[in-house]
Amino acid sequence: MARRPQQRHRRRRAASASGAPVLLEIREIGARGDGLAEHDGRRVYVPLTVAGDRVRAALGEPRGDGVAATLLEVTEPGPDRAAPPCRHFGTCGGCALQHVGDQAYGAWKRAQVSSALARAGLAGAEVAPTVRTPAASRRRATFAATRRGSRCVLGFNERSSHRISAVTGCLVVEPAILELLAPLEALACAILQDGESADISVAVLDGGIDLVLTGCPEPGLDARERMAAFAETHDIGRLSWRRSAAAPAEPVAARRALHARFGGVAVPVEPGAFLQASAAGEAALVEAVLAGVGAAARVADLFAGLGTFSFPIASRPVPETAVHAVEGDASAHAALGAAGRGRAGVTAERRDLFADPLSADELSRFDAVIFDPPRAGARAQSVQLAGSAVPTVVGVSCNPATFARDARTLVDGGYRLERVTPIDQFLWSSHVELVGVFRR
Ligand SMILES: C[S@@+](CC[C@H](N)C(=O)[O-])C[C@H]1O[C@@H](n2cnc3c(N)ncnc32)[C@H](O)[C@@H]1O
């Protein structure tokens, strides 16, 4: 008996939803790095694909406005497909875009910025080519460690999963971090009990390596002794433990003072403090910020962190330079304040810039303002900036969507968005950092 078309359609949908393979053509790579295709009028997200790929994929769970799929086979590769350089790529969730040819990859990162601006009605803004950073340059990374029976695994979470993929090499992190992978797995084995897990954050700082174990039960005396011995054997600068990412870190072995150096100034770094992900990324950001600020003498650095921009700005040969660094986190503010104390030209203020942004009046004493908020952006501060008379505003962001929203507020307040520079600090991930310069 012939089935009516609607019935056939329903059956196909049921078969697809149960994971039966479908043939798809990938149109483009979406914002999270997955290829986008259409099937039965629905958007399909297929990881590890590029535009022009023809693929066989299994449809899975609903995702946002469409459905997630698993790539089964590339039947015909698109023009931008390249061989991924890392053997863990595809399983390890650390990288999303190693299968994209270099030129297309840089263009995709730039397009993330242009499209976010276009969605905010700022399609005319000039977006520079993506500034690239090299492989093996990431100076901080967080690994997941777990113990099941006598077996310990240290690695990154697998793609779309809580399972940990053992990582025996990584092309993204600095060699000093790479060298620690095997010893860290042994450390996890020495201190974790069956069924326990921990996140292990590693940062390469001035003075040594900073290690923070997060999420495992509080170490007892025996575990503390093993941790201290590990720090000694591997010349770790400081090794701390904390119950959760929100809890204060408790140093178990503090062998040396650890610093970050900005504009020649050494700033003490507390365990887990925010630092730009790589020295190369930081240098590119500082260069773009300095270019935007130009010869402005009185500068406010909002969401200043440890002073990544404050100290390089203060050390420019500009007469009567004065930098006012505003930061919400108590410990970052204290570190920046301590490093700035006694230095002409740097003042520090602790302030919640979401709840209590600098008012348009307060802003009027500055020639330039830098803002570098967390991913949520600087909504309230942008409203005040939009109503101010500050001639130059430089925005730094790791989230093109919230940057575009805040840029819209500034443009509506009379600023011209002169130029946006995308910076690829998070190599082979779908993230992009940027610096935007506004003038009035
Ligand atoms: C992306 S980081 C940038 C830090 C610094 N500019 C840098 O480049 O290293 C964002 C900073 O904003 C701070 N922050 C987060 N929420 C804040 C708030 N409500 N008020 C003030 N600062 C805040 C964080 O503590 C962090 O230092």
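By class, the lining of the second largest pocket has 6 nonpolar, 4 polar and 3 charged residues. In this classification, Ala, Val, Leu, Ile, Met, Phe, Trp, Tyr, Cys and Pro count as nonpolar, Asp, Glu, Lys and Arg as charged, and the others, Gly among them, as polar. The model is predicted: local features need pLDDT of at least 70 and side-chain atom pairs count only at pLDDT 80 or more, while totals for chains, interfaces and linings use all residues. Residues are numbered from 1 along each chain as its sequence is written, and side-chain values use heavy atoms, with hydrogens and water left out.

The second largest pocket has a volume of about 250 Å³. On a 1 Å grid over the protein atoms alone, a pocket is an open set of points with protein on both sides within 12 Å along at least five of seven lines, whereas a cavity is a set of points where a 1.4 Å probe fits but cannot get out; lining residues have an atom within 4 Å of a point. Grid points are joined across faces, edges and corners, and a volume is the space filled by probe spheres set on the points. The lining of this pocket comprises 13 residues, and Ala31, Gln112, Arg375, Asn399 and Pro400 are the ones nearest its centre. Helix H2 (102-119) and helix H11 (400-412) are the elements that give two or more residues to this lining. H2 supplies the largest share, 3 residues. Such helices (H or I, at least four residues) and strands (E, at least two) are DSSP runs, numbered from the N terminus.

H2 itself has 18 residues and reaches 26 Å from its first C-alpha to its last, close to the 26 Å expected at 1.5 Å a residue. The expected span of a helix is 1.5 Å times one less than its number of residues. Ala104, Tyr105, Gly106, Trp108, Lys109, Gln112, Val113, Ala116 and Leu117 are buried in H2. Here buried means under 20% relative accessible area, exposed over 50%, and partly exposed in between (1.4 Å probe, protein chains only). The cover over these buried residues includes strand E2 (28-29), strand E7 (131-132), H11, E22 and E23. Just after H2, Gly121 takes a positive phi of about 80°.

Contact means heavy atoms within 4.5 Å. Arg408 lies in H11 and counts as partly exposed because its relative accessibility is 28%. Its C-alpha is separated by 9.2 Å from that of Ser382, 26 residues apart along the chain.

The loop between strand E22 (416-424) and strand E23 (433-439) holds Ser430. Ser430 counts as buried because its relative accessibility is 18%. Leaving out residues up to four places away in sequence, Ser430 touches Ala31, Arg32, Gly33, Leu97, Trp108 and Lys109. Trp428 lies in the loop between E22 and E23 as well. Trp428 is buried, with a relative accessible area of 15%, and its phi is near 65°, a positive value in a residue other than glycine.

Helix H5 (residues 221-233) shows how burial can be arranged around a helix. H5 has 13 residues and reaches 18 Å from its first C-alpha to its last, close to the 18 Å expected at 1.5 Å a residue. Its buried residues are Ala223, Met227, Phe230 and Ala231. They lie on the same side of H5 because they cover an arc of only 100° around the axis. The arc is that of the directions from the helix axis to the C-beta atoms. An α-helix has 3.6 residues a turn, so residues three or four places apart point the same way. The buried residues of H5 pack against helix H4 (181-191), strand E12 (208-214), strand E13 (238-242) and strand E14 (250-254). Leu221, Glu232 and Thr233 are exposed residues on the face of H5 turned away from its buried side. After H5 comes Asp235, whose phi is positive, near 55°.

The structure also holds 1 cavity of 30 Å³ or more. About 50 Å³ of space lies in the largest cavity, and its lining residues include Thr133, Arg138, Val172, Ser278 and Phe426. By class, this lining has 6 nonpolar, 4 polar and 1 charged residues.
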